[in-house]
Amino acid sequence: MNAYIQLDNVGMQFNTKRGPFIALRDVDLHIQKGEFVSIIGHSGCGKSTVLNLVAGLLDATTGTLLCAGREIKGPGPDRAVVFQNHSLLPWLTCTGNVLLAVEQVFGKSESKTQMLDRAHRALELVHLTHANDKFPHEISGGMKQRVGIARALAMEPKALLMDEPFGALDALTRAHLQDELMSICAATQSTVIMVTHDVDEAVLLSDRIVMMTNGPSATVGEILHVDLPRPRERLALADDAAYNHYRHEVLKFLYEKHHKTAA
Amino acid sequence: MSTLNPGADRLKAIARSITPPMIGLGLFILLWALVSANTPTIPTPGVTFTSAVELFSDPFYNKGPNDMGIGWNILASLERVAIGFGLAALVGIPLGFIIGRFRFFNDMLAPIISLLRPVSPLAWLPIGLLVLQKAEPAAIWVIFISSIWPMIINTAVGVTRVPQDYMNVARVLNLSEWKIVTRILFPATLPYVMTGVRLSIGVAWLVIVAAEMLTGGIGIGFWIWDEWNNLDVAHIIIAIFVVGIIGLLLEVLLTQLAKRFDYDAR
């Protein structure tokens with residue numbers, strides 16, 4: 001029972017003007033090292049809240065959260081976050097943005113050249129070497145998101161937390177980045193938690209899919225093990241019976257068991 | 001035809017952008033000529049122009065402390081504005097950061113700022129004269145106190161408007177307070193700070209004329225007062241133009257400078 005990231009009996013209550021709002025209750029989730037876990041659910045189901053709790057951006061009202069055996073108290077560079085809207089600092093170049101993160105983690109132990117090298121390698125990993133010295137406003141949305149991923153990876157985090165990382169991108173760019181993310185994860189053996197509302201994305205990328213019930217007081221509804229061999233090929237999987245079965249399972253959960261009328 | 005000739009097109013574009021301001025200026029001078037034709041004490045545009053040519057043909061003469069060229073007077077005023085404004089920036093910008101960053105200081109200082117900000121700058125002059133004993137530092141004090149508010153307020157607003165995304169990055173990366181200020185707050189707030197600086201310089205330049213009228217010595221404000229005592233109305237009108245043109249130049253200069261610091265406008 002020694003999961004890498006462990007959530008036990010986690011509940012989250014927000015105090016709003018109209019009284020307390022229970023966003024999450026009884027969330028139990030154990031994630032192994034090197035595992036890729038997606039959290040999927042309708043909007044407002046608290047999936048981002050789960051991620052923010054692991055990131056340490058929010059403090060759980062009840063329950064315990066552990067990362068590598070330590071209690072999560074506040075944010076830390078051991079849990080790198082990739083935000084949906086890339087959140088790059090517009091006054092820093094791509095290298096500068098990545099370097100800011102690198103300095104936080106390796107500033108005490110490494111020289112400036114070593115850290116610059118790390119930043120460049122992270123950008124190389126996402127195929128952005130040509131944009132090293134460009135500013136965020138000079139590159140496309142997909143490239144910005146790749147810089148965001150490079151920034152997270154450069155910190156060599158224990159866990160990579162992604163909050164709908166490709167949600168704001170067009171379908172072709174999204175597919176491209178998903179493929180890239182899969183090969184990066186295979187190479188770095190990263191532990192990833194990704195929030196998504198895209199069923200195909202969840203099945204394609206994940207080892208397990210955590211399906212959340214609708215809020216308020218949302219919780220983990222079902223957990224689906226995606227037992228597809230890696231590396232996964234999106235073209236080959238399109239006609240794969242197992243893939244379509246998993247896809248169907250998720251859709252069934254979302255639209256049959258926990259259907260939500262359009263808000 | 002003209003579409004085949006880019007040179008002619010450009011000439012047309014220039015003519016289109018220059019014509020309205022030229023008509024405006026022309027009407028203004030016409031109005032001035034009409035007023036001066038009916039009011040014998042107001043010099044005509046022609047007389048004023050001749051007087052200005054004479055005045056600016058030797059702007060830097062020095063015939064003792066009470067009779068110096070207009071160039072010296074302008075420089076003296078600019079120097080006072082620079083010192084008063086510089087001191088205000090040194091105090092106001094950091095103070096604005098503290099107020100914007102820490103709720104406690106905001107709540108503590110907001111009532112004082114709200115109370116003092118609407119006070120006419122010249123109301124501070126007696127206090128300055130009383131404490132500083134001399135006219136020169138008192139004038140600088142008036143510039144300081146009148147130009148500090150836009151910088152405090154704009155900086156503080158800028159800090160509170162830093163997008164939450166950037167602050168989330170700071171939190172996730174666990175940046176130290178020093179790094180948050182230097183790497184995130186300062187660059188994110190810079191456009192607001194520059195707006196404050198621009199407004200402050202404008203106020204400072206407005207106030208210097210009035211302050212110098214009261215403190216005397218050398219400076220464009222006192223020069224106007226002096227020419228009023230000499231009943232040289234043409235010189236007063238020239239001074240009004242000079243003050244206006246320098247104010248405009250300062251504004252343009254700072255707008256250009258602000259553009260360079262605005263990461264959004266790039």
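Let me begin with strand β7 of chain A, residues 159-163, which is mostly covered: five of its five residues are buried. Buried here means that 20 or more other C-beta atoms lie within 10 Å of the residue's own; 12 or fewer makes it exposed, anything in between is partly exposed, and the C-beta atoms are placed from the backbone. Helices (H or I, at least four residues) and strands (E, at least two) are DSSP runs, numbered from the N terminus.

Before going on, the ground rules. This is a predicted model, in which local features need pLDDT of at least 70 and side-chain atom pairs count only at pLDDT 80 or more, while totals for chains, interfaces and linings use all residues. Residues are numbered from 1 along each chain as its sequence is written, and chains are lettered from A and ligands numbered from 1 in the order in which they are written.

Back to β7(A). In a regular strand the side chains alternate between the two faces of the sheet. On one side of β7(A) are Ala159(A), Leu161(A) and Asp163(A), on the other Leu160(A) and Met162(A), and all of them are buried.

Which strands pair with β7(A)? Strand β6 of chain A, residues 79-82, runs parallel to β7(A) and is joined to it by four bridges. β8(A) is also parallel to β7(A), over five bridges. Pairing requires that DSSP find at least two bridges between the strands.

Now strand β9 of chain A, residues 208-212. Four of its five residues are buried, so β9(A) is largely enclosed by the rest of the structure. Strand β3 of chain A, residues 36-40, pairs with β9(A) in the parallel sense over four bridges, with Ile39(A) partnered by Val210(A). The pairing of β9(A) with β10(A) is antiparallel, over five bridges; there Ile209(A) stands opposite Leu224(A).

Next, some backbone details in the loops of chain A. The peptide bond from Arg230(A) to Pro231(A) is cis, with omega near 0°. Pro231(A) sits in the loop between β10 (220-225) and α7 (234-237).

Two residues of chain A have positive phi without being glycine. For His127(A), phi is about 60°; this residue is in the loop between α3 (112-125) and α4 (141-154). For Gln189(A), phi is near 55°, and its loop runs between α5 (171-188) and β8 (191-196). Are they buried or exposed? His127(A) is partly exposed, because 13 other C-beta atoms lie within 10 Å. Gln189(A) counts as exposed, because it has 8 C-beta neighbours inside 10 Å.

On to chain B and its helix α8. α8(B) has 39 residues, yet its end C-alpha atoms are only 45 Å apart, short of the 57 Å that a straight helix would reach at 1.5 Å a residue. That expected span is 1.5 Å times one less than the number of residues. Where is the kink in α8(B)? It lies at Leu190(B), shortly before the proline Pro191(B), and is about 50°. The bend is taken as the angle between axes fitted to the seven residues ending at a position and the seven starting there. Just after α8(B), Gly216(B) takes a positive phi of about 75°.

Now the contact between the chains. 14 residues of chain B are in contact with 16 residues of chain A, where contact means C-beta atoms, placed from the backbone, within 7 Å. On the side of chain B that touches chain A, α7 (164-173) and α8 (177-215) each supply at least two residues. α7(B) gives the largest share, seven residues.

Last, the core. The largest nonpolar core has 134 residues, and those with the most contacts inside it are Val98(A) and Ile143(B). A core of this kind is a set of buried Ala, Val, Leu, Ile, Met, Phe, Trp, Tyr and Cys residues joined through C-beta atoms within 7 Å. Leaving aside neighbours within four places in sequence, Ile143(B) is in contact with residues including Val81(B), Phe85(B), Val207(B) and Ile208(B).

Notes. Contact = placed C-beta atoms within 7 Å.
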